[in-house]
Amino acid sequence: MAFSMSNLNAAELQQIGASLSRPEELENNSQIEMQWALKAMDHATIHYNLISSVDPTCLRLTRIDDKLYHQFREEFPDLDVAKLTEDQLKSADAKEKWRNFCEKFKGEIEDYNMGTLLRLNCEDDYNPDTTTFSVRTQFLAIEIARNREGHNSCLYNKKQELKKLQNNST
């Protein structure tokens, strides 16, 4: 039976990487990178299915949604979460600000700095043109804001309309 890393969390994957005896083993081990990518894609699929199937304004993503949302809006009051740019997330200044924000949740959010995928436009599905790499805390803050501010409702509403059309055509 083959060993699978798909159920490991970020800390466990880091331990595997650290246990490799030579740096060249880590550089050449595409399996670890592939497992990270698969885990991120699984997470993105689950998230998209959730926000398009359940009214996102009622959805809770963590046990600390309220705290995360309030801290996010305190530090990023003018950030338009509906449509983001890479620069808002990854410029030198943005990286520093986001890093400081995320570190506040170390120990409160499991795998707080694990890599995940983030939709730049809340109206789009996950696709290569409108998806970027982010850390889990950043993803959660933005998606909680999108849910609470009604931006993710468009996906739910589209799916509900599609269901109505399918039911009417049968």
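How close do the axes of helix H3 and helix H8 come, and at what angle do they cross? I began my notebook with that one.

**Entry 1: ground rules.** I am reading a predicted model, where local features need pLDDT of at least 70, side-chain atom pairs count only at pLDDT 80 or more, and totals for chains, interfaces and linings use all residues. Residues are numbered from 1 along each chain as its sequence is written, and side-chain values use heavy atoms, with hydrogens and water left out.

**Entry 2: H3 and H8.** I found that the axes of H3 (residues 30-53) and H8 (residues 153-169) come within 7 Å and cross at roughly 70°. Axes here are lines fitted to C-alpha atoms, for helices over the stretch in contact, and angles run from 0 to 180 degrees between N-to-C directions. Helices are DSSP runs (H or I, at least four residues), numbered from the N terminus. H3 and H8 are therefore roughly perpendicular (65 to 115 degrees; over 145 would be roughly antiparallel). From H3, Tyr 48, Ile 51, Ser 52 and Ser 53 make the contact, and from H8, Leu 155, Tyr 156, Lys 159 and Gln 160 (contact means heavy atoms within 4.5 Å).

**Entry 3: H4 and H6.** Next I looked at H4 and helix H6 (residues 92-103), which pack at about 155° with axes 11 Å apart. That makes the two helices H4 and H6 roughly antiparallel. On the H4 side I noted Leu 68, Gln 71, Phe 72 and Glu 75; on the H6 side, Lys 97, Trp 98 and Phe 101.

**Entry 4: Ala 82.** Is Ala 82 buried or exposed? I found it buried, because its relative accessibility is 13% (buried is under 20%, exposed over 50%, with a 1.4 Å probe and protein chains only). Ala 82 sits in the loop between H4 (65-75) and helix H5 (86-90). Beyond four places in sequence, Ala 82 touches Leu 120, Asn 121, Cys 122, Arg 146 and His 151.

**Entry 5: confidence.** The protein averages a pLDDT of 85, and 82% of the residues score at least 70 (pLDDT is the predictor's confidence in each residue, from 0 to 100). Where pLDDT is low, the predicted coordinates should not be read in detail.

Notes:
Angles under 35 degrees count as roughly parallel, over 145 as roughly antiparallel, 65 to 115 as roughly perpendicular and the rest as oblique.
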